[in-house]
Amino acid sequence: MIYKQYLGIYINESKVQCTSYYKFFPGLLSGRKGLFKSASPKVFNDPSSRFNFKKVLDSIKPSKRRRIYICLPRKYFFTRRVQFPELPLDDVRDSVVSNLETYSHLPVDEIYYDVLFSKDKDNGINALLFYAPRKKLDIYKNQLMESGHYDSLECIFPFSYGAGPWYLDFKIKSRDNLKATRKKGLVIQYEDSMELAIYSGISCIDSFLLDRSGEKEKQDKVIQDILADHDMSEEQIAYKNTHTITENNFLNENMGGVALAPFYRGMQHISVDDNLPRIKLFKPMKLLFPLFILLGALMAYMSVNIWNEIEVNQKNMAGVKQEIIALEKEIAPILEAKTALKRAAEYKGDVEDFVLSKPPLFSYINDLARIVPENTWFAHLSYKPGIISMQGEGDDVLKVVESLRNSDKYKEVKLKGAVSRTEKGKDKFMIDLILKDLENKFE
């Protein structure tokens, strides 16, 4: 597929923000390469987020070329951090999935879930389990189904999963001291809740939903305890206290970009649904694309060589054709003489056959005229070696056959087909005369 459209949607309590991009050659170009903005960011403001989401879906037509990424506030989800020693990710995933009943405080058949894997210190594996009640996410999935957009859904995940790559990587980059440290933190302020998300690089390794109703001192104490548990200092947190991530001017750009940020960076896709966690350990296009380039260069090199060989062979062939034309001119008189001799030999054979067959054929015709009954005549007579075929009419076909059989010239007389009657009462018939050996006949 030459291009796809990527639609990022952020849904909070009172509004929906979305933005979209086109990407050309999505299977070949990674990250933001080949990415072009497709439309101006849109914000749908209404007291009901469900109604806002419906307006978004109604404003676009379903398309097989579109992929939809949705992020929701942290309050929709629950998290559980599990740490493992250095193990294959497949084994880590199987361990988390087999122990879901232990990690989740809700029945397993009532949740959607996914697991975000990242490297921890000493090459350990940090597995951050996201899960949510099915009934909360089904509200949005049902609207996608009803509007015909469900097949385009790629991911549903919490806001903090996309906030790390979007803010820490795209916004502050190396200009902020946070970039120099491996672990970073973001205080994310929603309309009715607050989240502290901890990142290793740009991958979220832990998330806490903080109580806003209590005193600020207690809130700060909770944050300090979390930082101590992660061996972090307050300098490693962006927008702590009053300057939270959602209170700054850059949020006016559109939070739909947060939903697309993991896609830009080519991160592990997190989608809180009923599928097994997806582990993308190998990106085949990173290997295949250089191979395609190498193969293209090899094909171009071979094509040049082949064309050079074809050109040389064509020149040689042109010389051979000239020689053939010269030889054909010399051979033409000989071929004409050969053709004339062949025709003469054929004429000679025809003449000899005619001379040999003419006298006896006349004698047969004379004999026919002598022996057949009166009022018998032949409308058609044909001859081939050894057989005379006749078509005739007479008063009585049996008398004609009997008279011919009495002749010593014919080995056999055959009445062919059915005998019919003409309007005048004549018998209409066909007879084959099998001749006796001509040599014995003319001894």
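Leu295, Leu298, Met299, Tyr301, Met302, Ile306, Trp307 and Ile310 make a nonpolar surface patch of about 850 Å². Leu295 sits in helix H8, which covers residues 284–371. The residue is partly exposed, with a relative accessible area of 45%. All of this comes from a predicted model, and the values below do too.

### The chain as a whole

The protein chain has ten helices and 17 strands. Of its 443 residues, 40% count as buried. The accessible surface of the chain comes to about 26000 Å². Carbon and sulfur atoms hold 55% of that surface.

The largest nonpolar core has 54 residues. Which members touch the most others? They are Ile9, Phe53, Ile70, Leu72 and Phe159. Take Ile9. Leaving out residues up to four places away in sequence, Ile9 touches Val16, Gln17, Cys18, Phe53, Val56, Ile68, Tyr69, Ile70, Cys71, Gly256 and Ala259.

Val372 lies in the loop between H8 and strand E14 (377–384). Buried or exposed? Val372 has a relative accessible area of 12%, so it falls under the 20% limit and is buried. Not counting residues up to four places away in sequence, Val372 touches Phe378, Val400, Ser403 and Leu404. Val401 is 29 residues from Val372 in sequence. In space, the two C-alpha atoms are 8.4 Å apart.

Strands E14 and E15 form a hairpin, with two residues between them. Gly386 is in the turn and has a positive phi of about 90°. The two strands run antiparallel and are joined by seven bridges. In this pairing, Trp377 stands opposite Glu393 in E15.

E15 (residues 387–394) also pairs with strand E17 (residues 427–435). This pairing is antiparallel too, over eight bridges. Here Met390 stands opposite Ile431 in E17. Why does E15 count as largely enclosed by the rest of the structure? Because six of its eight residues are buried.

### An open sheet of four strands

Elsewhere, four strands form an open sheet in the order E12-E11-E10-E13, with mixed pairing. Strands E12 (203–210) and E13 (237–238) stand at the edges. Each has a single partner strand, so one side of each is left without a neighbour in the sheet. E12 runs antiparallel to E11 (residues 194–200), and seven bridges join the two. Across this pairing, Glu195 stands opposite Leu209 in E12.

### Salt bridges

The model has ten salt bridges. Three of them are listed here.

| Salt bridge | N to O distance |
|---|---|
| Asp58 and Lys54 | 2.8 Å |
| Arg81 and Asp120 | 3.5 Å |
| Arg421 and Asp427 | 2.5 Å |

Start with Asp58 and Lys54. Both are in helix H1 (residues 49–58). They are four residues apart, so about one helical turn separates them. Lys54 is partly exposed, at a relative accessible area of 44%.

Next come Arg81 and Asp120, whose side chains meet in a salt bridge. Arg81 lies in strand E6 (residues 78–84), while Asp120 lies in the loop between strand E7 (111–119) and strand E8 (125–133). The pair therefore ties together parts that are 39 residues apart in sequence. Asp120 is buried, with a relative accessible area of 13%.

The side chains of Arg421 and Asp427 also meet in a salt bridge. Arg421 counts as exposed, at 56% relative accessibility. Asp427 is buried, with a relative accessible area of 8%. Besides these pairs there is a network: Asp90, Arg93 and Asp94 are joined by salt bridges that share partners.

Notes. Residues numbered from 1 in each chain as written. Predicted model: local features only at pLDDT ≥ 70, side-chain atom pairs only at ≥ 80, totals over all residues. Heavy atoms only, no water. Patch = residues over 30% accessible without salt bridge, like charges linked within 9 Å, V, L, I, M, F, W, Y side chains within 5 Å. Areas by Shrake-Rupley, 256 points an atom, 1.4 Å probe, with all protein chains shown as cover. Salt bridge = Lys/Arg side-chain N within 4 Å of Asp/Glu carboxyl O. Buried < 20%, exposed > 50% of the residue type's maximum accessible area, 1.4 Å probe, protein only. Core = buried A, V, L, I, M, F, W, Y, C linked by side-chain atoms within 4.5 Å. Contact = heavy atoms within 4.5 Å. Pairing = 2+ DSSP bridges.
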